[in-house]
Amino acid sequence: MDETLERIQVLQDLLHTQPLGVLSTCDRGGPHASLVAFAASDDLREILFATPRTTRKFTHLASNARGVLLVDNRTNTPADFHRAVTVAARGTVDEIPHEEKEAHLGPYLARHPHLSDFVRAPTCALMRLRVEGCTLVQRFQEVTEIRVDGFPRTRSSAAGNGITR
């Protein structure tokens, strides 16, 4: 397997196994970080999360649609310095329109069935991070920038493992 595909596989493994990430947003008042439950598409081009419209993250995203989701697999042990993997997925965030929300809930609720009532509430927005690129950090200081145009296109999620060669 070539090195790029190996790194994309690491991204997929991390984004499809970890349930939570830290979303960073910013407005004129400064940066803000929030823990969110998320679901990544098979091709890693979109990441879904839910938030009430009354939150600071929603207000920030209304004034500045840029966001970064940080996801890692740390275990809070010294071994993390050499074994932990971190990805920062960056891009623009928009709210899934009401008429499309139900169609997007499947992948989100497959990862987080316990959040069904929360995400279906009329006050809750289903948000989509349109990934432009990722920063992958492995083995403490090995940093790789991966642009979304480097991600392989995938077949439908029912068709396979998410990587098309």
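This is a predicted model: local features need pLDDT of at least 70, side-chain atom pairs count only at pLDDT 80 or more; totals for chains, interfaces and linings use all residues.

Biologist: What does the secondary structure of the chain come to?
Modeller: There are 5 helices and 7 strands. From the N terminus on, they run α-β-β-β-α-β-α-β-α-α-β-β.

Biologist: And how much of the chain is buried?
Modeller: Buried residues make up 42% of the 165 residues.

Biologist: Okay, tell me about H4. Where is the kink?
Modeller: The kink is at His104, about 45°, shortly before the proline Pro107. End to end, the C-alpha atoms of H4 (residues 98-111) are 21 Å apart, which agrees with the 20 Å that its 14 residues should span at 1.5 Å a residue.

Biologist: Which residues of H4 are buried?
Modeller: Lys101, His104, Leu105, Tyr108 and Leu109. The buried residues of H4 pack against strands E2 (30-40), E3 (46-52) and E6 (124-138), and against helix H5 (116-120).

Biologist: Why would residues three or four places apart point the same way?
Modeller: Because an α-helix has 3.6 residues a turn.

Biologist: Switching topic: how many salt bridges are there?
Modeller: A search of the whole structure finds 10. One of them joins Arg66 and Glu132, with the closest N and O atoms 2.8 Å apart. Arg66 lies in strand E4 and Glu132 in strand E6, so this pair ties together parts that are 66 residues apart in sequence.

Biologist: Is Arg66 buried or partly exposed?
Modeller: Partly exposed, at 38% relative accessible area. Glu132 is also partly exposed, at 36%.

Biologist: What about Asp43 and Arg45?
Modeller: They form a salt bridge too, at 3.7 Å between the closest N and O atoms. Asp43 counts as buried at 17% relative accessibility, and Arg45 is buried with 17% as well.

How values were computed
Residues are numbered from 1 along each chain as its sequence is written. Side-chain values use heavy atoms; hydrogens and water are left out. Helices (H or I, at least four residues) and strands (E, at least two) are DSSP runs, numbered from the N terminus. Buried means under 20% relative accessible area, exposed over 50%, partly exposed in between (1.4 Å probe, protein chains only). The expected span of a helix is 1.5 Å times one less than its number of residues. The bend at a residue is the angle between axes fitted to the seven residues ending there and the seven starting there. Contact means heavy atoms within 4.5 Å. A salt bridge is a side-chain nitrogen of Lys or Arg within 4 Å of a carboxyl oxygen of Asp or Glu.
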